[in-house]
Amino acid sequence: MDKEKKIQLKRNFGYFRGTSFLIINIIGAGIFVSPKGVLEYSCMNVGLSLCVWAICAVLSLTGSLCFAEIGITFPYSGAHYYFLKRCFGPLIAFLRLWTSLFEGPGIIATQALLLAEYSIQPFYPSCLAPKLPKKCLALAMLWSVGILNSRSVREAAWLQMVSTVLKVAILGLISLSGVFMLVRGKKENVERFQNAFDAEFPDISQIIEAIFQGYFAFSGGETLTYIAGELKKPSKTIPKCIFTAIPLVTVLFLLVNISYLTVLTPREILSSDAVAITWTDRMIPQLTWIIPFAISASLYSNLLFNVLDLTRVTYIAGQQGQLPLLFNTLNIHSSPLISVLLIVALASTVIVLTNLIELINNLYFMISIWTVLTMMGILKLRYQEPNLHRPYKVFLPFTFITMAINLGMVLIPLVRSPKMHYIYVFLFLLSGLLFYIPLVYFKLKLVWFEKMTCYLQLLFNVCIPDVSDEETEVDTLKN
């Protein structure tokens, strides 16, 4: 069979598209909406807050490089899931999958609702937008993302590039405007930086909390492992993308925060729920209507690629036998259509039943637990399989740094404000055993589902993908 006509996930992401993908995933709503968390926990100490942002950039870089080793050593899409299965066995991998099937759609639903709110709120300047049109718009955006994901990744390339340019342009406008105001040298704009460290100095617990706030804003650096099987020459592409995207985002984030502090006082920033909009009202009021729509358009790609990321996990789970084989199928566009439909349907349910969002978002802190386990897996594999072919090895202290920051993100909330919902989350996690034991461990076959699988294959025109050369190599590494 001609290689170009094989039904398999194609390696469409080179250096530029990989860098763009990483930038899109890191630059989310946080820097536009509420960068006030770092300033608040820094006790409005301007100099310290900027130092915290720089520290968070370094922490983000170390974490991204840790995941880079995984994506390069195991060039699968969904490499982080496969890595957990290899290091800790099928049970841990299944519980990771079980968490993702609920936590992922919850995050996607929250993003869709946020996008809808930013798009529709300008039409209701004096009150909150009604819930019904907001939900309808969120569902429309979500299903449009599903349609795009059911097509070839290459067909969404134009949206990826437009979104990257739009995000960088918005942050660039805010940054350059702030620099211009500083260069003008007006007293009210400059005085906050002349004695930047004179404000009250926070205690160590507040500094740690500020770092957590900033670290969350830089999250997304690990997402290249989700599409490692679709990257061209991942051993070269992943490090190059990381060392391009994260420094660029760091410079933009620092300049944007400087611009916010140039135009607005620290108290004004803390009192604002959408700092970018407040900044626009003060600096360029003519763009007050344009900025929310520009932010919505740029964040649409986050929704698109979050769906793409999650579908790669369910796709490889089907390949590894932890989900029905139906999820390891591709359509004629080499897209995991069944996985896309599952994720979009689950997220749509959450949008309709928005009271579930808070419950599902409580699962979000589980991401830090899985990150800690992943770092432990890197150390475990280094010890148990020292001769495993690794084109790239992360500097081991980076794994300890990433482990420490994520362990803190788990333990500090538990110690400072213990709540019953953390117990519920762990009970939910363990409930995955009810499905793992009969369906995966004992391989219980459901005759009716096998018949339905054949019917759905015909209905959606999907088939089992052809085996790629890279998958053969990874299978060799397993044995």
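## Largest cavity

Pro35, Val38, Leu39, Ser49, Leu50, Trp53, Asn257, Tyr260, Leu261 and Ile269 line the largest cavity. A cavity here is a set of points on a 1 Å grid over the protein atoms alone where a 1.4 Å probe fits but cannot get out; lining residues have an atom within 4 Å of a point. Helices α3 (36–41), α4 and α11 each give two or more residues to this lining. The volume is about 80 Å³, taken as the space filled by probe spheres set on the points. By class the lining holds 8 nonpolar, 2 polar and no charged residues. The whole structure has 3 cavities of 30 Å³ or more.

The model is predicted: local features need pLDDT of at least 70, side-chain atom pairs count only at pLDDT 80 or more, and totals for chains, interfaces and linings use all residues. Residues are numbered from 1 along each chain as its sequence is written, and side-chain values use heavy atoms, with hydrogens and water left out.

## Aromatic pairs

The count of aromatic pairs comes to 18. Rings of Phe, Tyr and Trp (its six-membered ring) pair if their centres lie within 6.5 Å; planes under 30 degrees apart count as stacked, over 60 as edge-to-face and the rest as tilted. Phe21 and Phe305 have ring centres 5.1 Å apart and planes at 80 degrees, so they are edge-to-face. This pair links distant parts of the chain: Phe21 sits in α1 (residues 15–26) and Phe305 in α14 (residues 290–319), 284 residues apart. Phe21 is buried at 0% relative accessible area (buried means under 20%, with a 1.4 Å probe and protein chains only). Phe305 is buried too, at 2%.

Trp53 and Phe253 are also edge-to-face, because their centres lie 5.9 Å apart with planes at 85 degrees. Trp53 belongs to α4 (residues 46–73) and Phe253 to α11 (residues 234–263), 200 residues apart. Trp53 is buried at 3%, and Phe253 at 1%. Trp53 is also one of the residues lining the largest cavity. Elsewhere, ring pairs link Phe74, Tyr76, Tyr82 and Phe83 into a cluster.

## Nonpolar cores

The largest nonpolar core has 123 residues. Such a core is a set of buried Ala, Val, Leu, Ile, Met, Phe, Trp, Tyr and Cys residues joined through side-chain atoms within 4.5 Å. Phe32, Leu224 and Ile295 have the most contacts inside the largest core. Beyond four places in sequence, Ile295 is in contact (heavy atoms within 4.5 Å) with Phe32, Tyr118, Ile170, Ala276 and Ile277. Apart from this core lies another, of 10 residues, including Leu84, Leu373, Val410 and Leu429.

## Second largest pocket

The second largest pocket has a volume of about 940 Å³. A pocket is an open set with protein on both sides within 12 Å along at least five of seven lines. Of its 32 lining residues, Gln322, Leu323, Pro324, Leu439 and Phe449 are closest to the centre. Helices α6 (90–120), α15 (337–352), α20 (433–441) and α21 (447–460) each supply at least two lining residues. The largest share, 6 residues, comes from α6. The lining divides into 21 nonpolar, 7 polar and 4 charged residues.

## Ala93 in α6

Helix α6 contains Ala93, which is buried at 0% relative accessible area. Not counting residues up to four places away in sequence, Ala93 touches Tyr81, Leu84, Lys85 and Gln322. Ala93 and Trp370 are 277 residues apart in sequence and 9.8 Å apart in space, C-alpha to C-alpha.

Notes. Helices (H or I, at least four residues) and strands (E, at least two) are DSSP runs, numbered from the N terminus. Ala, Val, Leu, Ile, Met, Phe, Trp, Tyr, Cys and Pro count as nonpolar, Asp, Glu, Lys and Arg as charged, and the others, Gly among them, as polar. Buried means under 20% relative accessible area, exposed over 50%, partly exposed in between (1.4 Å probe, protein chains only).
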